[in-house]
Amino acid sequence: MKNSISRRNFLGKAAAAGAAGAVMPSLINSCAPDGRIKDVILPEFLDQAPDGPELKAGLIGCGGRGTGAATQFISAGPNLKVTALGDVFIDRLNSCRESLKEKKDNEVADENCFIGFDAFQKVIDSGVDVIILATPPFFRPEHFAAAVNARKHVFMEKPVAVDPVGARSIMATAKKAESMGLSVVTGTQRRHKRDYASTYAQVAAGAIGEIVSANCYWNTGKLWHRDPNAEWTEMEYMIRDWVNWCWLSGDHIVEQHVHNLDVINWFTGKHPVQAVGFGSRQRRVTGDQFDNFSVDFVLDNGVHVHSMCRQINGCENNVSEYVQGTLGSSN
Amino acid sequence: MKRFWIIFLPGVVLGMTLILGSNKAIRVTSKNEFCASCHIHPQATTSWKQSVHYITRSGDKTGCVECHLPPKGQGHIPAKIRTGLRDLWGQLFKDPEEFDWEEKSRLENARKHVPEITCLNCHETLFTPELSKEGEEAHLYYDQAEKTDDLHCINCHLNAGHYIEGYMHGGNESFGMQDKEPEIIYDEPAPVSSFYSFTEYIPGSSVSFEMIAVPGGEYIMGSPENEPFREKDEGPQVKVTISEFFMGKVEVTWDEYLAFYAQTSSEGRTTDTEGSRARSDADAISGATPPYGQPDQNWGMGDRPVISITHHAAENYCKWLSQVTGKTYRLPTEAEWEYACRAGTQTPYFFEGDPKDFQRTGFLSGIRKNDTSKINTFVIYHGNSPAKTQEPDAVKPNPFRLNNMLGNVAEFCSDWYSAEAYSIYPESGIADPSGPTSGEERVIRGGSFRDQAGNLRSAARDHTKTDQWLRTDPQIPKSKWWYSDCYHVGFRVVCEYDQKTGNY
């Protein structure tokens, strides 16, 4: 292989699939103004995934995000195929299958299309190299464990879990994947963007001094919902309407705002040790979630991080992060 | 030049011989057979051969040195010399018959003989593909926890190198189940109408226990500054008046506790937060969830004092006992406990003797042979039972007829612990004090089978150590009913009595 980065390396060392192929860490050794030296490890961004033998992916969860992730997987480089699909609903699977065929000329054989709550295992067992997990996050820990147990590389959408039990399961499975040399990448895409990475490198090098506070926002209009249908069971209805149900989505903070909070954790290099917040439900049509939140996080060095998020139409919108340092700010 | 060679060549030869010789010596002395040739506790070899480190899936046997000495290049040789010298000393001057091997094998001692690096040296990944769900959670806890000396692989894998019969580290759902129907079942609790000692019957069980009438009185709580082994928290001394009460003659036994456990324990945690549990007038007492591991340490139950239970569990036992007997049972206050223990004495013990003569620590302790018959008559302690609890009638009672006030197991009191607790009481004296109004840990008193004589004085104070005592419980959340790492504390109940009304 002529490429300096082989596909095996690509899979073995850094990242698989995803919107932007992210490969091979490079070390930025920079000197902060006060003389501190920080080693910042950042992925090196390629324009596309390196060439190599065909890589077959199986998609679990064929909704909008799953169809998007599968399409992006195929677009990420040469010789990439989606060869198996799994979902609980046949209509979602069919529309995804159609879309892949139409847009990417990617056909999935009948015997590799699986329907039902056990479809995930069948996709995993269908002879694929990479698994794409894009169901509602409630199912993620179980699916991730099954994929790693079968020694598959995994791309999984965020969030990776909806509760502490699920989060611990993900952490343990990730350790197993690490010890088996598998590659795992999640859909927190800001970590894989050139502009975020170069900003991080500068902030870490001390461009804005010590971080003294941070804010993050996910203030947008209403997300979609589905109306109940007399032909559906309660379970079917909830799963079709999943972004409105806590047990399936983890609520707004976990489901969407996790992107911004993750950036703050990344830039500050810490996780909060304390949090006080409130929220309420004003306009949400279905489900059991709130539609607005405000949370004051505190880090172990006393730095406060304020987070707000909202899903209500007709208000000021803002999805971003802001970090204040002693010498300047970054947003 | 010739002289140089004459000195140099033999030097090289001698050096080589020494290196080869010492390598050979290290090899020979590292063999399992060499270890077994001096270590005259055959049980160590037997239990090793029954363990998973001998009967392995791969067929490779893990030898003595691989677990008991750090790996080569990581302090192997110094540790080998150190343990070698100690073994030689033991071989020459000590009598293996006198060792209590069971005690030496207990976790806190075993930790000293298994450097954790030896475990991690072979077990490079803690997250193997076949790891169970429980194992994942436990290893994640280990991985994320602060690395301290008391968190060691063998906390959970104590039987990995030496097989221990009955050892378990897992959910113990069947614990405390009775396999046969008891012959007598009491229907009614004991009627009490006057202030005399009585035998209580636990309705719905075959269990009875003796309650001693402790007359009211006055005493000096705490110890004088010149008392041997005195700690600062035992003062200033306070004059305390105590009202009369009944107190359990012995520490609450396994039989008594299991009567509570059998009637109230719940198999798992319920998620019912809206039903009858949420009603403010609920009249049921909720009982313990099943333990993780073997709370009686396989020492046997029956009349032995209950151990491994939390302060919360002890308090709930008292609430339940009050409900089924129609009396007011509770934990003693610290002041009541010391009053009952002293039983009219103001000396370090309720029997004659100087703590210094009974203490067995330090290099010369083996040489001094003091008369310890007195303390041996009244107390189960390190000097006569270093490894485990004993049945209550193994010793004589104090002047109030209470057994094991000192020793056997330490006992929970109802007070919050504070080192300055006594300084908040007025100098003029106080009646029935109940300690600080809030705190983090609870008072425990009386010392246990593990303690030396100095810690067993009537005035000696100690307290619960919640975090430390739950260190190896891998459950999330950790149990509030069972301590995973505390097997030397139990409790004793008191029953209130009102002289004026005759109500209890």
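In which helix of chain B is the place of Arg342(B)? In this predicted model, Arg342(B) lies in helix α13 of chain B, a helix that comprises residues 334-342. Arg342(B) is buried, with a relative accessibility of 1%, and, when residues up to four places away in sequence are left aside, its contacts are with Tyr219(B), Ile220(B), Gly222(B), Thr347(B), Phe350(B), Ser458(B) and Ala459(B).

Of the 504 residues in chain B, 44% are buried. Where contacts in chain B between residues at least 6 apart in sequence are considered, 72% of them join residues that are at least 24 apart.

The interface of chain B and chain A was examined next. Twelve residues from chain B and ten residues from chain A take part in the contact, and the two chains bury about 1000 Å² between them, with 57% of this area on carbon and sulfur atoms. On the side of chain B, the residues that lose the most area to chain A are Phe127(B), Pro129(B) and Leu140(B), which together account for 48% of what that side buries.

Three salt bridges are found between chain B and chain A, one of them formed by Lys175(A) and Asp143(B), whose closest N and O atoms are 2.5 Å apart. Seven residue pairs, with both residues at pLDDT 80 or more, are in polar contact across the interface of the two chains. Sorted by class, the side of chain B that touches chain A consists of five nonpolar, three polar and four charged residues.

The cysteines were then considered with regard to disulfides. A disulfide is a covalent bond between the sulfur atoms of two cysteines, and the count over all chains is zero. For Cys309(A), the closest cysteine sulfur is that of Cys216(A), and a bond is ruled out because the two sulfur atoms are 8.4 Å apart, whereas a disulfide requires a pair within 2.5 Å. Cys413(B) is likewise in no disulfide, the nearest cysteine sulfur, in Cys341(B), being 10 Å away.

Notes: Residues numbered from 1 in each chain as written. Chains lettered and ligands numbered in written order. Predicted model: local features only at pLDDT ≥ 70, side-chain atom pairs only at ≥ 80, totals over all residues. Heavy atoms only, no water. Contact = heavy atoms within 4.5 Å. Buried area = accessible area lost by both parts, 1.4 Å probe. Salt bridge = Lys/Arg side-chain N within 4 Å of Asp/Glu carboxyl O. Polar contact = N/O pair within 3.5 Å; in protein donor to acceptor, adjacent residues only side chain to side chain. Nonpolar A, V, L, I, M, F, W, Y, C, P; charged D, E, K, R; others polar. Helix = DSSP H or I, 4+ residues; strand = E, 2+ residues; numbered from the N terminus. Buried < 20%, exposed > 50% of the residue type's maximum accessible area, 1.4 Å probe, protein only.
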